[in-house]
Amino acid sequence: MRQAGRYLPEYRKIREKHDIISICEDPELCAKVSALPVEVLNVDAAIMFADIMLPLEGMNVEFEIKEGIGPVIKKPIRNAQSVRALIDFDPKADVPYVLSAIELTKKRLDGRAPLIGFCGAPFTLASYLIEGGPSRDFSNTKALMYREPKAWDLLMEKLTDAMTSYLQAQIQAGVDAVQLFDSWIGCLNSQDYDQYVLPHSRRIFRALESTAVPKIHFGTGTSDLLESMKRAGGDVIGVDWRIPIDVAWQRLGHDMAIQGNLDPAVLLADSDLVKSRAENILKRVGSTPGHIFNLGHGMLPDTNPQSVIDLVEFVHGATQKRLEVQVK
Ligand code: CP3
């Protein structure tokens, strides 16, 4: 989750000369950045360096990624006509650089860690397209959803088709797992999620059912949505820190895996507090198999890389001990 981001000096150095899109468009550089967190932090998986907005360029959407703000859309979508103007996305023609970067990153990692591919979920992408940028209340998104349900469905269908082929192409190029980021879905209640979002996200997971790679379904603020997200699909549900992990897992059922749920802001604290919060998560999951230790959302720019290195070492040590006790 934006793990290669601004807090890493090695990344910042590269960013002095290249903007984020040009890093993505240069497969060699992109592979280097994608592998950085594994090399520097010793985390157990790498995530492709890309952005959820990249494929939208192929659909005729003009955008910029502004520092400290995030994606900004030139002409936000506010009516049926602009939804109809979105063209079909073809991963091989529109983002060949992502697919080449996947191959190069796999080579660079050389089996040291698996590689996660990803895309934005239809709702989160739609929210950027409609709001034109980040939003506090998602009022334009909800207005289109409630007032023009046909235009909403068409937009969600087009994004669903695009993201399905995008993930399929990433799997074909060699990623070991995929993650669907529905980062802003927590602004909906479960009734609206079930009606306006679930059928679309479910269609993506269904289309990928025959592929062997694990699928991670991530959202934030999802306390009211966990059961619905499970019904939409995924082998792993990613949760933030606003719900105790054992409570979330109980509700999801232990037949599926869970990922999260350290607050990234905890990494701004001193090392004793970081350890105690990490320990608390590990205690709550106990020996139940299927927990992926992770942050509940993206790394904050002010994070000290050493805190992350220490956390990774602590979690490796603690989980290794747990495994040894289980084996005995
Ligand atoms: O770990 C990684 O660095 C992998 C690459 C990655 C980026 N974006 C690169 C990036 C990933 C996995 C994303 C996903 C992404 N992008 C999401 C879903 C995950 C999440 O965090 O919720 C979302 C919502 C976006 C849209 C986006 N792009 C946001 C909200 C921002 C942050 C704006 C800011 O500056 O605070 C971006 C910019 C961005 N994408 C950065 C990176 C490394 C940071 C800015 C930069 O380096 O220029």
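The largest cavity is lined by Leu 167, Val 178, Gln 179, Leu 180, Ile 204, Phe 205, Leu 208, Lys 215 and Ile 216. The structure is a predicted model, in which local features need pLDDT of at least 70 and side-chain atom pairs count only at pLDDT 80 or more, while totals for chains, interfaces and linings use all residues. Residues are numbered from 1 along each chain as its sequence is written, and side-chain values use heavy atoms, with hydrogens and water left out.

A cavity is a set of points, on a 1 Å grid over the protein atoms alone, where a 1.4 Å probe fits but cannot get out; lining residues have an atom within 4 Å of a point. Grid points are joined across faces, edges and corners, and a volume is the space filled by probe spheres set on the points. By this rule one cavity of 30 Å³ or more is counted, and the largest cavity holds about 30 Å³ of space. Two or more residues of its lining come from each of β5, α10 (190-207) and β6 (215-219), and β5 gives the largest share, three residues. Helices (H or I, at least four residues) and strands (E, at least two) are DSSP runs, numbered from the N terminus. By class, the lining of the largest cavity has seven nonpolar residues, one polar and one charged. Here Ala, Val, Leu, Ile, Met, Phe, Trp, Tyr, Cys and Pro count as nonpolar, Asp, Glu, Lys and Arg as charged, and the others, Gly among them, as polar.

A pocket, in contrast to a cavity, is an open set with protein on both sides within 12 Å along at least five of seven lines. The second largest pocket contains about 1000 Å³ of space. Its lining consists of 39 residues, and those nearest the centre are Asp 44, Ala 45, Ile 292, Phe 293 and Asn 294. At least two lining residues are supplied by each of β4 (115-120), β5 (177-182), β9 (291-295) and α14 (305-327). Of the elements, α14 gives the most to this lining, with 10 residues. The lining of the second largest pocket comprises 22 nonpolar, 14 polar and three charged residues.

Helix packing was described by axes, which are lines fitted to C-alpha atoms, for helices over the stretch in contact, with angles from 0 to 180 degrees between N-to-C directions. Angles under 35 degrees count as roughly parallel, over 145 as roughly antiparallel, 65 to 115 as roughly perpendicular and the rest as oblique. Helices α3 (residues 27-41) and α6 (residues 96-109) pack at about 45°, with axes 8 Å apart, and are therefore oblique to each other. The crossing of α3 and α6 is right-handed. A crossing is left-handed if the near helix is turned anticlockwise from the far one by less than a right angle, and right-handed if clockwise. Contact (heavy atoms within 4.5 Å) involves residues of α3 including Pro 27, Cys 30, Ala 31 and Val 38, and residues of α6 including Tyr 97, Leu 104 and Arg 108. This contact has nine nonpolar, three polar and four charged residues.

Helix α3 also packs against helix α1 (residues 9-17), where the axes come within 10 Å and cross at roughly 160°. Helix α1 is therefore roughly antiparallel to α3, and their crossing is left-handed. Glu 10, Tyr 11 and Ile 14 of α1 meet Leu 29, Lys 32, Val 33, Leu 36 and Val 40 of α3. Six nonpolar, no polar and two charged residues make up the contact of α1 with α3.

Helices α8 (residues 139-147) and α9 (residues 149-173) pack at about 115°, with axes 5 Å apart. Helix α8 is therefore roughly perpendicular to α9. Thr 141, Leu 144, Met 145, Tyr 146 and Arg 147 of α8 are in contact with Pro 149, Trp 152 and Leu 155 of α9.

Two backbone features were also noted. Most residues other than glycine have a negative phi, and most peptide bonds are trans. Asn 42, in the loop between α3 and β1 (46-47), has a positive phi near 65°. A cis peptide bond, with omega about 0°, joins Gly 260 and Asn 261, and Asn 261 is found in strand β8 (residues 257-262).
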